[in-house]
Each structure stands twice: as C-alpha cells, then as structure tokens.
Amino acid sequence: MMSKQKRKANLLEALIPIFCLILFIGVAVFKYEASPHIPLICGAVIAALMATTRLGFQWNELEEGVMKTINMAMQAVLILMIVGTIIGTWILSGVVPTMIYYGLKILSPGIFLVATCIICAIVALATGSSWTTAGTVGIALLGVGQGLGIPNYIVAGAIISGAYFGDKMSPLSDTTNLAPAMAGANLFDHVRHMLFTTGPSLLIALILYGFLGAKYAGKNIDPTIINQMLDALSSSFNINPLLFLPPIIVITIVILKVPAIPGLITGSILGGIFAAIFQKSSLGEIITSANYGFVSNTGIESVDSLLTRGGLQSMMWTVSLILCALTLGGILEKTGMLEVIAENILKLARGTGGLVVATVFSCIFVNLVTGEQYLSIVIPGRMYKDAYGKKGLHPKNLSRALEDSGTLTSPLIPWNTCGAYMWATLGVHPFAYLPFAFLNLINPIISMFYGFTGITMHKLPKEEYIIE
C-alpha cells in the first residue's frame, strides 16, 4: 500500500493544534488548577493526527522529529537533574544557610532588590548561565529576602531579571552564540548591539526595584523574625565563611570554560565533601540529600519551608513537563506547521517596525507552543533572515530581536524548559514572578519601539541588500 504524499499544511491546519492546546491548557490549568503535562500531550496527539491524516506524514517521521527536538534539550535536562543534587548537598553542607545568614546581616530591605538584580547580573555575565546563577546565589538571595519580609515572587522577579541580563550579554552564553549564528551576524557585533536595548531595560528595571525596595524600607520589620532565623540557622548548621568556597569554585570553573555538566557535578561533589567536613554528615545523609533533597527541622516555619528542597528526584516533575512540551514542539517543527504560521505572520509585517514586531511575537509564540528556548531562536531566525536582508537591515538587528524576545520570555512560561527550571529551582510559579521580572518584560517593548522609530536599526551597505 502506497503512503499518502506529504504536503504543506495550510494556515487553518497549522492553527488547529495551537487552538486545541490553548483550550486544553486554559481548562486544565486555570479551571482545575492541574499541571500542564496532560494538556501538552493532548496537543501533541492533535498535531500528530493532523500530520498523519491530512498532511501525509508517517508516525516514524514524527517520532524522528520528536527525538531530534528532545535531543536538542537533553543537556538542559541533565543540568536540571544535577542542579537538584547541588541544591540538596549545598543545603546539607551549610553552603546555602551560610549565604543566607551573612546576607541577612549585611543587606537591608531598601537596597535588597536592586542588589539582588545586580549580583545576579554580575554572576550570570561571568558564567554565561542564568541557570547556574539561579541555582546558586539565587536560592540564597530568596532566603535573605524572606527574612527581610519581601515576598518571594518579587525577589524571584529580581533574580530572573539580573540572571537573564547577564546570560543575554555574556559571550559565554549558548543563546548569545546561537542567535547571531542563526541571523548571520558576528558574535561581538551582536553583543554590542544588544547594549542599546538591554542596557536601558536594566536601568529601568533597577529604578523600579529601587521604588519597590523603598516601599519595604519604610516598614518596620520585627527584628525578632530575623533573629529567629539567624538563631535557627546557627543552631542547626556550622556557619563558616569557608562555606562560600563551593559557589566561588563552581563560578570560577564555568568562567574557565569547563563544560557545564562536569563543572556542576564538581559543585555537587564539593557539597558532599563540605557536608562531611563542616556538618559531620554521614555518607548516607549526603547520598539521601543529593537524591531526595534536604529536609529542614529547625522548628522555624520560614526557615524549614525555604531549606526543605533540592534533590535529583525533586526535578523529575519538571523533567517530565519538559519532555511533554518538547514532544509537541518536535511534531510542530517536523511537520512545518510552525513555519506556515511564521510565513503568514510575515505577510502582515509592514516596514521595519512591523518586521521587528513579527520577530518578537514569533519568538514568544514558539516559546509558548514548543516549550524550548532554542527553537524560539532557531525557527524565527531561519524564517526572517532573508526578510531583514531584503529591507537592507544588518543581521545583528535580527539577532538582537531574537534574544530580546526568545531568550527573555522563556523563563516566564511554566512549561518552557527555562520557566520549568526556574519554577523547580526557586519554588516560585512563573506566573507569580512574571509581573516583577521587569527586564524580561521591558526589553521586548524597547526592541519593538526601536523598530518603529529606526533608532539603532543599522543598515547593510547597498551592495549587500538581498534582491527579491
């Protein structure tokens, strides 16, 4: 029996799985407060049925697309699992409690949010990794903020803003290298060009965090709460400045360009060694904390809720969510449905401003429906490269728009690999910190504003225009 001939989807066929996904997620998440796992699988089923019954694809072809997409994100999945072991061993060893302890003694509510954003920006700029930043200093800063009486969703927003500024601007970041590769731009031209959008975004974000911090500075924080936390930490752990060494070593390793996975495994091993030295933990306790996480029993609820976390197993919910999202994303990518939608969006683009808006919303759209940050850069980058050339725009304009939207909106979506990671690591739902991730919200707006005004939209030399 001959197989049905493959054809390209029309716009309606491409949109049906998307509409179904939106419906499934809306009902499950917002009506029943369920997780998005099953809605994502249902969306993948609809996409697969559309591909096999209408477009002539065979299941083995769809499976190949799914495997290819999952393989693209496997490093992120492995990093997520390793970070779970780091969190468990670093709490057991006293690394995280020590960072919280000294943070509570040094930082005040008035400057805390600004300091949090700047600290995370510096660490991420040095390491090129928002994930490493959130999994190390981010967790400690979350604890300090809790002790200072600042809601964790606001602190998480400041952590995300700083971490993604550094990640986006660092030449060590994978997305910072991927975006110019897709657009055909030079890496350092790309980084310098992003300063025009990301610099003002950070400045505005810091001003907003300053206003928020001033609000909390005006409140009288009961010192007994902080003292209780300090006493609970010092009585349950051997607090020692030497416990700052593991995060310093891990950050140094990453700066020295050691691959992420061995570098992070080193951090987990150091956590176990320091747990044995400073907290006299047994090998069994170290293994248990690495696998199942640390369970705090200080008797102070705020401390226990903060420190009861981590472990490889705690990341499995997130790993399964990522795999469900990538299954759908792989089918949509393999069948060309995303390409059809992007082509139709491009038809609506008028002028430079319309093209930048199309790029920004395409990146956000791909982040939403595929759950994968890399695809949000690869697919629009591939789709719009020639369109920028035909308008005489330098490729670095495209690479900047890809990062302004694809990179920065990824942690705001719960089922995206980045959003799922931040949710699992910080323990704060992405929809909760979204309104306070100021840099991530402001940056795409500035990017579109530049598109319409022509500010910093650099042109190609006439001889390099792409002629239609």
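Predicted model: local features only at pLDDT ≥ 70, side-chain atom pairs only at ≥ 80, totals over all residues.

**Stop 1: helix 4**

Select residues 95–106. This is helix 4, with 12 residues. From first C-alpha to last, helix 4 reaches 17 Å, close to the 16 Å expected at 1.5 Å a residue.

Is helix 4 mostly covered or mostly open? Mostly covered: nine of its 12 residues are buried. Colour V95, V96, P97, T98, M99, I100, Y101, G103 and L104 to see the buried ones.

Now show what covers them. The cover includes helix 3 (59–93), helix 6 (130–147), helix 10 (223–236), helix 11 (245–255) and helix 14 (301–307).

**Stop 2: salt bridges**

How many salt bridges does a search of the whole structure find? It finds seven. Visit three of them here.

Select E61 and K6. They form a salt bridge, with the closest N and O atoms 2.9 Å apart. E61 sits in helix 3 and K6 in the segment before helix 1 (11–31), so the pair ties together parts that are 55 residues apart in sequence. E61 is buried, at 18% relative accessibility. K6 is partly exposed, at 43%.

Go on to R54 and E13. Their closest N and O atoms are also placed 2.9 Å apart, in a salt bridge. R54 is in the loop between helix 2 (37–53) and helix 3, while E13 is in helix 1; this pair links distant parts of the chain, 41 residues apart. R54 is partly exposed, with a relative accessible area of 42%. E13 is buried, at 3% relative accessibility.

Next, pick E64 and K334. This salt bridge has its closest N and O atoms 3.7 Å apart. E64 belongs to helix 3 and K334 to helix 15 (residues 316–334), so the bridge ties together parts 270 residues apart in sequence. K334 is partly exposed, with a relative accessible area of 33%.

Salt bridges that share partners join R7, E13 and R54 into one network.

**Stop 3: positive phi**

Most residues other than glycine have a negative phi. Two residues here have a positive one.

Select K280, in the loop between helix 12 (260–278) and helix 13 (283–292). Its phi is near 55 degrees. K280 counts as exposed, at 68% relative accessibility.

Finish at T456, in the segment after helix 22 (438–453). Phi of T456 is near 60 degrees. Is T456 buried or exposed? T456 is buried, with a relative accessible area of 16%.

How values were computed. Residues numbered from 1 in each chain as written. Heavy atoms only, no water. Helix = DSSP H or I, 4+ residues; strand = E, 2+ residues; numbered from the N terminus. Expected span 1.5 Å × (residues − 1). Buried < 20%, exposed > 50% of the residue type's maximum accessible area, 1.4 Å probe, protein only. Contact = heavy atoms within 4.5 Å. Salt bridge = Lys/Arg side-chain N within 4 Å of Asp/Glu carboxyl O.
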